[in-house]
Every structure is written in C-alpha cells, then in structure tokens.
Amino acid sequence: MTFESFVDRQIREAQERGEFENLEGAGKPLPSSAHDDLWWVKGFLKRENLSTDALLPESLQLRKEIEKLPTTLIELRQESSVREALQDLNARVVAWIRMPSPPLVPIGPVDVEDWVTQWKRNRAAADAEAREALSSRTASGPGRSTVPRSGRVSWWVRLLHRRDR
C-alpha cells in the first residue's frame, strides 16, 4: 500500500488528464538564472533598463562617475550646466569623505576650472565636427549649401533636410 499526499494525487491526476502536455519551454534546459540567487535583481534591472552601477557601493559609484566625466560633460551644452554638474559631484564626494563607508576607495573632489576648460575644448571640437558633417551633407545635395557663414543652421533648414531623407 502506498502513501499518496493530496498534492501528489493532484499532480498525478493532472498528468493523466494531459494538462502538462505541450507546455511552453518543454524539453528545454532551465534558464541559467535558475541557480542564481540574485536572478530577480538582474531581471528587474534588465526590465527597467537600469545600469548595474546602482548596485555598487557609494565610493565606487563616485569613482566611476569621475572616470566617465568626459563623456558625461560633452552632452551638456552650457557652461553653467557643466559647473552645476561638477559642483553637485563635488558635494557628493565631500559628503562621502566626511562619512566614508566601505570599501574605502581613494577619491577626492574634482577641479571645476580644469574640467570646464577641458569641456570647452571638447565641446568646440564636437561642434566643429558636427558643422563639418552638416555642411558636407548639404553641399552634396541639390542646389547650393544652406549653411550660413556663421556655421549655425536654423531649425527650419534642419527640418527640411530631415524631410528629404
């Protein structure tokens, strides 16, 4: 005589009725995340399109943010925005220095004036490159170039070129 629990009986009856036939993923291996304790965190980060940097300790987050400054600052268009971003970063670095938490990574405030100077050079080079690309695109098109001598292109000219594509 065999002992069959209520759950075992329910599973056996469902198998006899064929309820487990043709299930999605049948015959395929389990996903690799099945053995990962943090599968739900990784799934959440992927679903929400978040960076894994959010999982790092504050000191490492600040260090990575300082390393990414050139690419972060080049996206800003105004010097006041650059200064504000650098001052905000420095405030967070100083707050961490006052109350450090492990791991103790050597970081310090950034020099705002040096970074603003570097941003001006990089921004000027990026703007010149964009103007050159735009002028070569408009010069190769029909008619004369619509880029004014100042190098600035008005919004309606950009709109016309977008429509031509």
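## Salt bridges to work through

Asp53 is buried, at a relative accessible area of 17%. Keep in mind as you go that this is a predicted model.

**Exercise 1.** Find which residue pairs with Asp53 in a salt bridge, and work out what the pair ties together.

*Solution.* 
- Start with the partner: Asp53 bridges to Lys64, and their closest N and O atoms are 3.0 Å apart.
- Asp53 sits in the loop between helix H2 (39–47) and helix H3 (58–67), while Lys64 belongs to helix H3, so the bridge ties together parts eleven residues apart in sequence.
- Finally, check the surroundings. Asp53 falls under the 20% cut-off for buried, whereas Lys64, at 31%, is partly exposed.

**Exercise 2.** Determine which helices the salt bridge between Lys120 and Glu79 links.

*Solution.* 
- The closest N and O atoms of Lys120 and Glu79 are 3.5 Å apart.
- Lys120 lies in helix H6 (residues 112–140) and Glu79 in helix H5 (residues 79–98), so distant parts of the chain, 41 residues apart, are linked.
- Both ends are partly exposed: Lys120 has 42% relative accessibility and Glu79 has 29%.

**Exercise 3.** Locate the salt bridge of Arg83 and name the network that contains this residue.

*Solution.* 
- Arg83 pairs with Glu113, with 2.7 Å between the closest N and O atoms.
- This pair also links distant parts of the chain: Arg83 is in helix H5 and Glu113 in helix H6, 30 residues apart.
- Through shared partners, salt bridges join Glu79, Arg83, Glu113 and Lys120 into one network.

To put these pairs in context, the structure holds eleven salt bridges.

Terms used:
Residues are numbered from 1 along each chain as its sequence is written. This is a predicted model: local features need pLDDT of at least 70, side-chain atom pairs count only at pLDDT 80 or more; totals for chains, interfaces and linings use all residues. Side-chain values use heavy atoms; hydrogens and water are left out. A salt bridge is a side-chain nitrogen of Lys or Arg within 4 Å of a carboxyl oxygen of Asp or Glu. Helices (H or I, at least four residues) and strands (E, at least two) are DSSP runs, numbered from the N terminus. Buried means under 20% relative accessible area, exposed over 50%, partly exposed in between (1.4 Å probe, protein chains only).
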